[in-house]
Amino acid sequence: MLVLVVLALAAVVVPGIAGRAVPGRPVAAVVPPPPQTGDCLVGLTGLSHATYVDDTDTRIKYPWATYGACSGPIVGEVTSVDPTAHPLATATIGTYQSASSLCELAEVNYVGSVGPFDPATITTPGIGWQTVINIASLSIGPTPLQRAAGQSWTACIGATGDNTTYRGRIGGALDRGVLPPIFASCWAAFRAPERPQSCVIPHPLEIIATTEVFGVQQSVAQINKSCLGMAGRAMRTADPGKGGRLKIGVYVLEEPLYDRLTPLTTAALRQGNYQLSCVASVAEPDQLVGTIIGLGDKPLPLA
């Protein structure tokens, strides 16, 4: 009886130890290749812990993205890809921030630029404008699956930075396209502590560009003329004022809160160095919606 019991127990236990046969066949996992410049992001993972930690020696994992069709809502675009191997396993906040700062160069090449100097006023010293756009330049790496497969590339992206979606493309937006309005800079009023950071909602004014002036080498008229030229180049039109419906002027962005725009005057110009804004605005009750950057000769986007 004992022998029979042992044999019966072995018949049950031994197959379990050896493993049970499962019908089917193995299929190799498909590991996506690295992205390409111009690919669109529909999701961004791991961003907060990579950018908002104070200790620069803290080890982090590079953020990674999911990609999709550029025709729908997206959160960013690949501006460049570095296919060389990177020591991602030893990445720190400091090395990540350094890599992201280099991505700003890729952003300029990808988004394009507007010439800072007006040929009509280029001999006037100290007036070189910089277009105001709010694009977050970030570095990303492979997904966990791609890293497990041995990939260690990095890529630069231009994004909203907080996973807010937008439609359109930032690629070539300043050269030949239309800047998605979420990346432009618009205010709800000339003094607006809670001003919006994009041009998606209706607004009376948009900051096209900024510059700094030093001393009194320029007159108010020269600076305003230079601003008008900058507006024409940014909008890509010979009539930036749109027949008088759009006012183009220079305003002082006042310190310390930078929450107030006041018209530039000769008296203010003589008081010292200033950060100036080239501003396009409409009179009440009109409101702009969207951005005028890249508008061309199309009608004003009025709400």
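A disulfide here is a pair of cysteine sulfur atoms within 2.5 Å. By that rule, the structure holds four disulfides.

Before I go through them, a note on the source. This is a predicted model, in which local features need pLDDT of at least 70, side-chain atom pairs count only at pLDDT 80 or more, and totals for chains, interfaces and linings use all residues. Residues are numbered from 1 along each chain as its sequence is written, and side-chain values use heavy atoms, with hydrogens and water left out.

Take cysteine 40 and cysteine 70, which are joined with an S to S distance of 2.0 Å. Cysteine 40 sits in strand E1 and cysteine 70 in the loop between E2 and E3, 30 residues apart. Strands (E, at least two residues) and helices (H or I, at least four) are DSSP runs, numbered from the N terminus. The torsion about the S-S bond of this pair is about 110 degrees, so the disulfide is right-handed. Cysteine 40 is buried, at 1% relative accessible area, while cysteine 70 is partly exposed, at 26%. Buried means under 20%, exposed over 50%, and partly exposed in between, using a 1.4 Å probe and protein chains only.

Strand E1 (residues 40-45) also has partners. Strands pair if DSSP finds at least two bridges between them. E1 and E2 (residues 64-68) pair in the antiparallel sense over five bridges, and threonine 45 stands opposite tryptophan 64. Two bridges join E1 to E3 (residues 76-82), again antiparallel, with leucine 41 opposite glycine 76.

Next is the disulfide between cysteine 186 and cysteine 199, S to S 1.8 Å. Cysteine 186 is in strand E7 and cysteine 199 in the loop between E7 and strand E8, 13 residues apart. Both cysteines are buried.

Then there is cysteine 227 with cysteine 278, S to S 2.0 Å. Cysteine 227 lies in helix H5 and cysteine 278 in strand E11, so the pair ties together parts that are 51 residues apart in sequence. Cysteine 227 is buried at 0%, and cysteine 278 counts as buried at 0% as well. The torsion about their S-S bond is about 85 degrees, so this disulfide is right-handed.

How do the disulfides of the protein follow one another, with bonded cysteines counted along the chain? The pattern is 1-2, 3-4, 5-6, 7-8.
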